[in-house]
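Subject: Handover of a structure and findings

Dear colleague,

Please find the structure below for your records.

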Amino acid sequence: QGKHVAKAERPAANLVFLLDVSGSMNNQDKLPLLVDSMKILLKELNGDDSVSIVVYAGAEGLALPPTYVNEAGRKTILEKLNHFRSGGSTNGGAGIELAYKMAKKHFVKGGVNRVILGTDGDFNVGLVGTNSLLSMVEREAQSGVFLSVLGMGQGDLNDAMLEMITNKGNGN
């Protein structure tokens, strides 16, 4: 367990949720569980924190621009989370690139700047070469934006790939 930091003492957070909404996430223990988990995390954030959401399947997209987690922002974020559905192929590389771009654009000096990837690790379209992906996350970690990965589901989880990118992305 990590050190417990009181909510009032925690620096502001710039969190970019990168959600795999591809067809492989269409199981109860994948996208629906990921969305429910994000709703729980959202309860721990406050008005100084911002959340962005990038999704990827056949193409990547900005589903939610940076939104502060005040009362109105929390409502907007929850509304967006309730509308995600899975489908299509996986273009993980393009999604990661956009997520890092958003995190760097809204960087909080002295704060927590993190891309949080929720996926089953099935990168099968786009930037798929392991070395290319590892180089990219290693380069991005030097900017002060770190990567956390939530491996969702059982069975075909690409745990080895997820472990490699978090190691290079100064994450967990």
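K104 is partly exposed at 39% relative accessibility, where buried means under 20% relative accessible area, exposed over 50% and partly exposed in between (1.4 Å probe, protein chains only). The side chain of K104 forms a salt bridge with that of E140, at 2.9 Å from N to O; the term denotes a side-chain nitrogen of Lys or Arg within 4 Å of a carboxyl oxygen of Asp or Glu. Because K104 belongs to helix α3 (residues 92-105) and E140 to helix α4, this pair ties together parts that are 36 residues apart in sequence. E140 is buried, with a relative accessible area of 11%.

The model is predicted: local features need pLDDT of at least 70 and side-chain atom pairs count only at pLDDT 80 or more, while totals for chains, interfaces and linings use all residues. Residues are numbered from 1 along each chain as its sequence is written, and side-chain values use heavy atoms, with hydrogens and water left out. Helices (H or I, at least four residues) and strands (E, at least two) are DSSP runs, numbered from the N terminus.

Across the whole structure, the search finds three salt bridges. One of them joins D120 and K30, with the closest N and O atoms 3.2 Å apart. D120 lies in the loop between β4 (112-119) and α4 (130-141), and K30 in the loop between β1 and α1, so the pair links parts that are 90 residues apart in sequence. D120 is buried at 0% relative accessible area, and K30 is buried at 2%.

Another salt bridge brings together the side chains of D49 and R10 (2.6 Å, N to O). D49 sits in the loop between α1 (31-42) and β2 (50-56) and R10 in the segment before β1 (13-20), so parts 39 residues apart in sequence are tied together. D49 is buried at 1% relative accessibility, whereas R10 is partly exposed at 23%.

Turning to the nonpolar cores, each is a set of buried Ala, Val, Leu, Ile, Met, Phe, Trp, Tyr and Cys residues joined through side-chain atoms within 4.5 Å. The largest has 24 residues, of which F17, L19, V51, I53 and F84 touch the most other members. Elements giving two or more residues to this core are β1, α1, β2, β3 (60-68) and α2 (71-81), and α1 contributes the most, with five. A second, separate core of 22 residues includes V16, I96, Y100 and V145.

Yours sincerely
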